[in-house]
Amino acid sequence: MKPSQDKLSLFNWLIQKYQRKIYWHVRKMVLSHDDADDLTQEVFLKVWQGLDNFRGDSQLFTWMYRIATNECLNFLRNKRKMQFCEIEDFSEVFVSDHNHDVLISGDDIQMALQKAIMTLPDKQRLVFNMHYFDEMRYEEISQITGTSVGALKATYSIAVHKIENLLHTNQHKLHYAA
């Protein structure tokens, strides 16, 4: 069965408009360019497959972000299982991969921030990235994650506190090492 021209046009428009945003949302969660690229393709495949069933209860972008978020969380869960390591060890693996990634550049402060973010549990990292980097309102994040605004604010606050503590601790370590 051949898809309708309207569906193809809409899908092409969605790719042009949102592929970059979806990619960077995914990339901030999984870090690896190759993994982010694969997951972004998976997201758009699921979007294509689900377009006919999209009910319009939310905006298309919110729906797509939710698909991307679920794909990231499933990917991270499965990767953890495959590597048979503790959550802390898993974060360290990602951080060490992050150090050698040629597609991520930045000064020492930015690198320290990214390392601190990677130590957060998945949900905290997700909420932090969406609110801080993507500048999404809590109401938007709530629609995407299915979490209450109050819980999101608490999660974000906890994440910020953990990041500040890690950055402060690392700053002291660097100061005393010098």
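Author: Gladly! This is a predicted model. Let us start with Asp34, a residue of helix H2, which spans residues 33-50.

Reader: What makes Asp34 exposed?

Author: Asp34 has a relative accessible area of 55%. Together with Asp37, Asp38 and Glu42, Asp34 forms a negative surface patch.

Reader: Why is the contact of Lys7 and Asp52 called a salt bridge?

Author: A side-chain nitrogen of Lys or Arg has to lie within 4 Å of a carboxyl oxygen of Asp or Glu. For Lys7 and Asp52 the N to O distance is 3.2 Å, so the pair qualifies. Lys7 lies in helix H1 and Asp52 in the loop between H2 and H3, so the bridge ties together parts 45 residues apart in sequence.

Reader: Is Lys7 buried or exposed, and how do you know?

Author: Buried means under 20% relative accessible area. Lys7 is at 15%, so Lys7 counts as buried.

Reader: What about Lys28 and Asp134: which label does each get, and why?

Author: Lys28 is at 17% relative accessibility, so Lys28 counts as buried. Asp134 is at 24%, which falls between the 20% and 50% limits, so Asp134 is called partly exposed. These two also form a salt bridge, their closest N and O atoms being 2.4 Å apart.

Technical notes. Residues numbered from 1 in each chain as written. Predicted model: local features only at pLDDT ≥ 70, side-chain atom pairs only at ≥ 80, totals over all residues. Heavy atoms only, no water. Patch = residues over 30% accessible without salt bridge, like charges linked within 9 Å, V, L, I, M, F, W, Y side chains within 5 Å. Areas by Shrake-Rupley, 256 points an atom, 1.4 Å probe, with all protein chains shown as cover. Lys, Arg positive; Asp, Glu negative; His and termini not counted. Charge placed at Lys NZ, Arg CZ, Asp CG, Glu CD. Helix = DSSP H or I, 4+ residues; strand = E, 2+ residues; numbered from the N terminus. Buried < 20%, exposed > 50% of the residue type's maximum accessible area, 1.4 Å probe, protein only.
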